[in-house]
Amino acid sequence: MTYATSLSLSENEHRPTSAAVKSDDKAYIKALGFVPKRYAAETDIVNQGEDGDRVFIIESGWGCISHDLAGGQRQILDFALKGDIVRPQTYSGTALETFVAQTDLAVLEASTKTLALGAAKSPYIASLFLETLARQRAIVAQHLTNVGRRSALARTAHLLLELRARLERVGAVSRTGYACPLTQYDLADALGLTPVHVNRMLRELRERGFLEFRQGHVRVLDRLGVTKFAEFDDRYIDG
């Protein structure tokens with residue numbers, strides 16, 4: 001899985017990002033052969049065990065990257081957000097992860113060969129993708145720490161703060177918070193908890209005055225307090 005919360009191919013968008021894409025690179029990326037596609041919510045875009053030789057740039061919507069287990073269980077590795085570059089991990093061309101449209105999803109899609117060609121011809125694009133690899137490692141390390149060492153309450157807060165920080169970098173956070181289409185089942189699969197446990201954690205975060213998650217909307221009530229409690233430092237998102 002590779003992603004960058006910094007890439008948009010829309011010429012007229014002006015929003016805070018962790019790395020700007022130059023106009024020449026935008027035009028070049030478009031000319032590489034990235035094809036605009038739309039996927040309905042809950043569509044399996046890449047299935048684990050099948051051909052995974054594709055790369056996606058998220059234009060709008062939410063995606064989900066997971067590792068599937070026997071018996072229908074899964075571990076969500078990350079969520080793909082607006083501006084992210086997604087390339088499911090593969091081995092000999094076979095996908096090791098599943099990529100699903102969490103909501104209706106608009107993407108620009110190309111083969112990994114197309115991406116490699118662009119990186120070979122544009123030093124800036126090559127640099128951008130190296131940065132995304134470093135950012136991926138940092139985010140995955142935080143997710144591993146969440147599941148392995150943070151308390152259930154802290155890991156829930158940490159993930160919701162991370163999503164806020166990533167969305168803020170692409171202009172998708174308002175003064176009242178951010179829209180979040182995730183269910184308690186989704187959060188459970190990302191946090192290594194049961195849905196019932198997630199429900200209790202969300203209630204406790206609300207009762208402590210840290211944040212609330214109601215009707216698909218997350219609002220941070222005490223940013224300083226919840227950031228300190230969850231030991232959240234957003235520098236890893238910028239890479």
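I began with the terms: two strands pair if DSSP finds at least two bridges between them, and strands are DSSP runs of E with at least two residues, numbered from the N terminus. The model is a predicted one, in which local features need pLDDT of at least 70 and side-chain atom pairs count only at pLDDT 80 or more, while totals for chains, interfaces and linings use all residues. Residues are numbered from 1 along each chain as its sequence is written, and side-chain values use heavy atoms, with hydrogens and water left out.

I then looked up the open sheet, where three strands follow the order 11-13-12 with antiparallel pairing. Its edge strands are strand 11 (178–179) and strand 12 (211–214), each pairing on one side only. Between strand 11 and strand 13 (residues 217–220) I noted two bridges in the antiparallel sense, with Y178 opposite V218 in strand 13.

Which strand does strand 3 (residues 54–60) join by six bridges? I found strand 10 (residues 105–111), running antiparallel to strand 3, and there I58 stands opposite V107. Strand 3 also pairs with strand 6 (residues 85–86) in the antiparallel sense over two bridges, where I57 faces I85 across the pairing.

My last entry concerns D68, which lies in strand 4 (residues 63–68). D68 counts as partly exposed because its relative accessibility is 31%, the term covering what falls between buried (under 20% relative accessible area) and exposed (over 50%), with a 1.4 Å probe and protein chains only.

Terms used: Helices (H or I, at least four residues) and strands (E, at least two) are DSSP runs, numbered from the N terminus.
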